[in-house]
Amino acid sequence: MQLLRFKNPYLLFLPFLFLYFILVIIHPTKGNQGDEGRYLMFANNLLHGFYSPPPPEINIWNGPGYPLLLMPFVALHLPLMAITLLNSLLYYFSIILLYKSLQKFVSNNKTIFISLCWACYYISFFEMSLILSEVFTSFLITLLILNILQAYNLDKQSKKHAIYSGLIIAYIVLTKVIFSYVLIFMLVGSGLLYLLYKKAFNYKRSLLILIIAFAGILPYIIYTYHLTNKIYYFGDSGGMSLYWMSSPFENEVGDWQHERELHANNSADSSIINSDTKTIPGWNNYLYINHYKDYQLLDNYVGVQRDDMYKKLAFNNIKTHPGKFVKNCISNAQRLFYSFPYSYTLQRNNFRLPLTQFLVVGIFICGLFSVINWRKLPFPLRFLLILLLSYLCLTILVSTYTRMLTVVVPILLFWFAYTFQKSIIISLKMNAGANKD
C-alpha cells in the first residue's frame with residue numbers, strides 16, 4: 001500500500017524532535033560523564049587562544065571539531081542542557097537530510113520507512129543526552145551523504161557540492177580523527193585511479209573532493225607538527241587504545257581500560273562484582289598484575305612521548321602474540337555491533353541486540369548484492385561504501401564501542417534502502433492459489 005506523500009519532511013518528523021527534547025530534559029547531564037569534561041576543557045582552551053598546553057605537557061587527546069562547536073556555549077556560560085538540546089536538534093536535522101537523500105534513489109514508502117528507522121534508532125538516544133561528539137558526527141555524515149549524491153551530477157551545481165563534500169569530510173576528520181586515515185587511504189586510491197583513467201569524470205571528481213578535504217585539515221596538521229614535530233599527527237590517544245587492543249592476556253579482549261584501575265588493585269571493592277558492569281571479583285587486581293611493569297615504564301613519559309611508548313609496547317605485543325591480537329580484533333568487531341564482550345565481565349542483558357542484528361543481516365545481504373553488482377552501483381554510493389568499509393576496518397584495529405558504529409549507521413541505512421529498491425521484493429500477500437491441492 002502506498003504511503004501518503006509528505007511534501008514537508010520537517011513536519012512529518014517534528015514529533016521526534018519533541019521526543020528528543022523530552023529525553024534530554026528528563027536526563028540532564030552534569031558534564032562529567034565519560035569524555036564530556038574533556039570536550040568542555042578543549043572548548044575553554046580554544047576560547048583562551050590555544051588548544052593544547054605547550055610541550056612537554058601536550059594534550060591533544062581528540063580533534064578540535066566538536067570543541068569548536070561547543071565554544072559559543074562555553075563562552076556565553078549557557079547551561080549544559082543547551083548543548084544537549086542542540087544534540088536533539090542536530091539529530092532531527094540528520095533525519096531530514098537522510099530523507100532528502102533517500103528521495104533521490106528509492107520509492108516514497110522506503111524513504112519514509114528508512115527515515116523512521118533512523119529516527120527510532122534508540123541506541124543513539126543515550127549519546128543525545130550527553131556532551132559527546134557522536135550525534136554531531138552522525139549529522140555530518142548525513143550532510144555528507146546528501147552532498148556526495150549531488151557532487152557527481154553532470155551539471156553546473158555539482159562542483160559546488162563537491163566543494164561542500166570536501167569541507168564536510170574535513171570537519172568529520174577533525175571531529176573523529178580515525179577518519180584521517182580513511183582520508184589518506186581514499187586520497188591515494190583516487191589519485192592512482194585518476195592516473196589510470198584521466199578522462200573519467202567520477203575519478204576526477206573524487207580526487208577533487210578529497211584534495212579539498214585534505215586542504216581543510218591542513219591548518220590542524222601544521223599546528224600539530226609545530227607542537228610535536230610529527231607529520232600528520234592528529235591525537236595522542238591512539239597509542240593507549242592500540243596498547244589495550246594488543247593485550248596478550250587471556251581474559252582481556254581489547255577493550256580500553258582506564259589508567260586509574262591499575263592503581264586500585266587494593267581497593268575495598270575489588271573482590272566483589274560491580275552491579276552495573278557485572279565485572280568478576282578482583283578484576284582490577286588482574287589488570288595490575290598483568291600491566292604494572294609496563295606502567296612503571298610509562299610513568300616516566302608524558303604527552304606525545306607517552307603515546308609513542310604505548311605504541312612501542314603495543315607493536316611488541318602484536319609481534320610476539322599475533323594470534324591473540326587477531327582474537328582481540330574479532331572481539332572488537334563483536335563489541336562494535338553487540339556491545340560485548342568486555343574484559344573480566346560477566347554476560348548481561350543486551351538491549352542493543354535487536355537493532356544491531358538487523359544491521360548485521362542487512363550488511364550480509366547487501367554486501368553480497370554489492371560485490372556481485374559493484375560496477376552497476378551509482379558511483380556516489382560506491383564512494384560512500386569505500387568510506388564506510390575503510391572506517392569499519394580501521395575501527396576494529398583499536399578499542400571499539402557501539403557508539404562508534406552509530407555514527408555511520410545512516411550510510412548503512414541508505415545502502416540497505418538502495419539495495420532493496422533495486423534487487424529485493426518482499427510481499428506479505430499469498431498467491432490466491434497457494435493452498436490448492
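Predicted model: local features only at pLDDT ≥ 70, side-chain atom pairs only at ≥ 80, totals over all residues.
Student: Which helix gives the most to the lining of the largest cavity?

Tutor: The largest cavity holds about 60 Å³ of space, and its lining includes Ile-169, Phe-179, Met-186 and Leu-387. Two elements, helix H9 (158–175) and helix H10 (179–196), each give two or more residues to this lining. With four residues, the top contributor is H10.

Student: What is the handedness of the crossing of H17 and H19, and which residues of H19 make the contact?

Tutor: The crossing of these two helices is left-handed. On the H17 side the contact is made by Leu-381, Leu-384, Leu-385, Leu-387 and Leu-388. By class, this contact has 10 nonpolar residues, with no polar and no charged ones. From H19 come Ile-411, Leu-412, Phe-414, Trp-415 and Tyr-418.

Student: How many polar residues are in the contact of H8 with H19?

Tutor: The axes of H8 (residues 134–151) and H19 come within 8 Å and cross at roughly 40°, and the two helices are therefore oblique to each other. Ser-138, Ile-141, Thr-142, Ile-145 and Leu-149 of H8 meet Pro-410, Ile-411 and Phe-414 of H19. Alongside six nonpolar and no charged residues, the number of polar residues is two.

Student: What is the omega of the peptide bond from Phe-340 to Pro-341?

Tutor: Most peptide bonds are trans. The bond from Pro-55 to Pro-56 is cis, with omega near 5°, and Pro-56 lies in the loop between H3 (36–47) and H4 (65–75). Pro-341 is in the loop between H15 (322–338) and H16 (353–372). The bond from Phe-340 to Pro-341 is also cis, with omega near 15°.

Student: Where is His-77 placed, and what is its phi?

Tutor: Most residues other than glycine have a negative phi. His-77 has a positive value and sits in the loop between H4 and H5 (80–103). The phi of His-77 is near 55°.

Notes:
Residues numbered from 1 in each chain as written. Heavy atoms only, no water. 1 Å grid on protein atoms, 1.4 Å probe; cavity = no way out; pocket = protein on both sides within 12 Å on 5 of 7 lines; lining within 4 Å. Points joined across faces, edges and corners; volume = space filled by probe spheres on them. Left-handed = near helix turned anticlockwise from the far one by under 90°. Contact = heavy atoms within 4.5 Å. Nonpolar A, V, L, I, M, F, W, Y, C, P; charged D, E, K, R; others polar. Axes fitted to C-alpha atoms, helices over the stretch in contact; angles between N-to-C directions. Parallel < 35°, antiparallel > 145°, perpendicular 65-115°, else oblique.
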